[in-house]
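Here is a short report on one protein chain.

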Amino acid sequence: MNRVASQIALAADDSNVGAGHLLPAESRPTFIEWARQRYELSGEARYYLRPTDIPARHLHGEALGEAFARYVSVLERVAGASVALHVDEVLDLRALESSRLELLTPRSRIEADVALLVTGHPDNRPSPAS
(Lines give C-alpha, C1' and ligand atoms only; values in the text may rest on other atoms or scores of the structure.)
Protein backbone atom coordinates (compact mmCIF):
# COMPACT_ATOMS: atom_id res chain seq x y z
CA MET A 1 0.00 0.00 0.00
CA ASN A 2 2.96 2.36 0.53
CA ARG A 3 0.84 4.78 2.59
CA VAL A 4 0.36 5.23 6.28
CA ALA A 5 -3.20 5.11 7.58
CA SER A 6 -3.49 8.89 8.03
CA GLN A 7 -2.65 9.50 4.35
CA ILE A 8 -5.48 7.39 2.90
CA ALA A 9 -8.69 9.02 1.73
CA LEU A 10 -11.95 7.28 0.85
CA ALA A 11 -13.44 10.30 -0.95
CA ALA A 12 -12.61 13.70 -2.37
CA ASP A 13 -12.14 16.45 0.20
CA ASP A 14 -11.94 20.23 0.23
CA SER A 15 -8.34 20.13 -1.01
CA ASN A 16 -9.50 18.70 -4.37
CA VAL A 17 -9.81 21.77 -6.57
CA GLY A 18 -12.78 21.41 -8.89
CA ALA A 19 -14.27 18.43 -7.06
CA GLY A 20 -17.66 20.15 -7.13
CA HIS A 21 -20.33 19.50 -4.54
CA LEU A 22 -19.02 17.37 -1.69
CA LEU A 23 -21.00 15.34 0.79
CA PRO A 24 -20.82 16.51 4.41
CA ALA A 25 -17.54 15.52 6.09
CA GLU A 26 -19.30 12.99 8.35
CA SER A 27 -20.51 11.17 5.18
CA ARG A 28 -16.98 10.81 3.82
CA PRO A 29 -14.67 9.65 6.60
CA THR A 30 -10.97 9.22 5.95
CA PHE A 31 -9.52 5.75 6.26
CA ILE A 32 -8.18 6.39 9.76
CA GLU A 33 -11.57 7.79 10.86
CA TRP A 34 -13.29 4.72 9.41
CA ALA A 35 -10.90 2.39 11.28
CA ARG A 36 -11.42 4.26 14.55
CA GLN A 37 -15.21 4.04 14.15
CA ARG A 38 -14.97 0.29 13.50
CA TYR A 39 -12.71 -0.18 16.52
CA GLU A 40 -15.09 1.78 18.78
CA LEU A 41 -18.05 -0.32 17.57
CA SER A 42 -16.41 -3.74 17.63
CA GLY A 43 -13.33 -3.56 19.87
CA GLU A 44 -11.56 -5.74 17.28
CA ALA A 45 -7.80 -5.21 17.38
CA ARG A 46 -7.49 -5.27 13.57
CA TYR A 47 -9.23 -1.88 13.45
CA TYR A 48 -6.91 -0.30 16.02
CA LEU A 49 -4.54 1.73 13.88
CA ARG A 50 -2.20 4.55 14.70
CA PRO A 51 -1.92 7.29 12.06
CA THR A 52 1.59 6.08 11.19
CA ASP A 53 0.62 2.39 10.77
CA ILE A 54 0.61 0.84 7.33
CA PRO A 55 -2.73 -1.01 7.09
CA ALA A 56 -3.24 -4.45 5.63
CA ARG A 57 -4.65 -4.47 2.10
CA HIS A 58 -7.72 -6.46 3.16
CA LEU A 59 -8.61 -3.77 5.68
CA HIS A 60 -8.27 -1.07 3.04
CA GLY A 61 -10.45 -3.17 0.74
CA GLU A 62 -13.10 -3.50 3.45
CA ALA A 63 -13.13 0.29 3.92
CA LEU A 64 -13.36 0.89 0.16
CA GLY A 65 -16.23 -1.59 -0.13
CA GLU A 66 -18.19 0.17 2.61
CA ALA A 67 -17.49 3.60 1.09
CA PHE A 68 -18.62 2.38 -2.33
CA ALA A 69 -21.86 0.95 -0.90
CA ARG A 70 -22.49 4.22 0.96
CA TYR A 71 -22.05 6.32 -2.20
CA VAL A 72 -24.28 4.01 -4.24
CA SER A 73 -26.94 4.42 -1.56
CA VAL A 74 -26.61 8.23 -1.77
CA LEU A 75 -26.97 8.15 -5.57
CA GLU A 76 -30.00 5.86 -5.42
CA ARG A 77 -31.80 8.45 -3.27
CA VAL A 78 -31.38 11.18 -5.92
CA ALA A 79 -34.66 11.78 -7.76
CA GLY A 80 -34.44 10.56 -11.35
CA ALA A 81 -31.15 8.75 -10.85
CA SER A 82 -30.55 5.04 -11.03
CA VAL A 83 -27.44 2.97 -10.47
CA ALA A 84 -26.66 -0.17 -12.43
CA LEU A 85 -23.62 -2.13 -11.32
CA HIS A 86 -21.87 -4.27 -13.91
CA VAL A 87 -19.03 -6.54 -12.93
CA ASP A 88 -17.26 -6.99 -16.22
CA GLU A 89 -14.23 -6.05 -18.24
CA VAL A 90 -14.63 -2.85 -20.27
CA LEU A 91 -13.01 -3.29 -23.67
CA ASP A 92 -13.96 0.10 -25.12
CA LEU A 93 -15.70 3.31 -24.09
CA ARG A 94 -16.99 5.86 -26.56
CA ALA A 95 -19.14 8.97 -26.62
CA LEU A 96 -22.42 8.70 -28.52
CA GLU A 97 -24.01 11.60 -30.41
CA SER A 98 -26.77 11.72 -27.81
CA SER A 99 -24.23 12.84 -25.14
CA ARG A 100 -24.43 9.37 -23.63
CA LEU A 101 -21.67 6.83 -23.30
CA GLU A 102 -21.39 3.35 -24.67
CA LEU A 103 -19.30 0.74 -22.91
CA LEU A 104 -18.39 -2.43 -24.74
CA THR A 105 -17.81 -5.50 -22.57
CA PRO A 106 -17.21 -9.11 -23.61
CA ARG A 107 -20.90 -9.81 -22.92
CA SER A 108 -22.78 -6.66 -23.84
CA ARG A 109 -22.97 -3.03 -24.86
CA ILE A 110 -24.05 -0.70 -22.08
CA GLU A 111 -25.36 2.85 -22.55
CA ALA A 112 -25.06 5.31 -19.69
CA ASP A 113 -25.10 9.02 -18.89
CA VAL A 114 -22.13 8.61 -16.56
CA ALA A 115 -19.74 5.72 -16.04
CA LEU A 116 -17.43 5.09 -13.10
CA LEU A 117 -14.74 2.60 -14.03
CA VAL A 118 -13.23 0.90 -11.00
CA THR A 119 -10.14 -1.23 -11.35
CA GLY A 120 -9.43 -4.28 -9.31
CA HIS A 121 -7.07 -7.18 -9.78
CA PRO A 122 -7.80 -8.31 -13.33
CA ASP A 123 -6.47 -11.46 -14.87
CA ASN A 124 -3.02 -10.68 -16.14
CA ARG A 125 -2.28 -12.39 -19.43
CA PRO A 126 0.83 -10.67 -20.76
CA SER A 127 1.85 -11.46 -24.30
CA PRO A 128 5.45 -12.54 -24.99
CA ALA A 129 6.19 -9.17 -26.66
CA SER A 130 4.71 -6.99 -23.90
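## Elements and order

Helices (H or I, at least four residues) and strands (E, at least two) are DSSP runs, numbered from the N terminus. By that count, the protein chain has 2 helices and 3 strands. Along the sequence they follow the pattern α-α-β-β-β. The radius of gyration, taken over C-alpha atoms, is 18 Å for the protein chain, well over the 14 Å that the globule rule gives for 130 residues, so the chain is more spread out than a compact globule. That rule is 2.2 Å times the number of residues to the power 0.38.

## Model and confidence

This is a predicted model, in which local features need pLDDT of at least 70 and side-chain atom pairs count only at pLDDT 80 or more, while totals for chains, interfaces and linings use all residues. Residues are numbered from 1 along each chain as its sequence is written, and side-chain values use heavy atoms, with hydrogens and water left out.

pLDDT is the predictor's confidence in each residue, from 0 to 100. The protein chain averages 89, and 91% of the residues score at least 70. Among the elements, helix α1 (residues 31–42) has the highest mean pLDDT (97) and helix α2 (residues 57–76) the lowest (92).

## Extent and burial

The C-alpha trace spans about 50 × 50 × 30 Å along its principal axes. Of the 130 residues, 20% are buried, meaning under 20% relative accessible area with a 1.4 Å probe, protein chains only.

Definitions and conventions. Buried means under 20% relative accessible area, exposed over 50%, partly exposed in between (1.4 Å probe, protein chains only).
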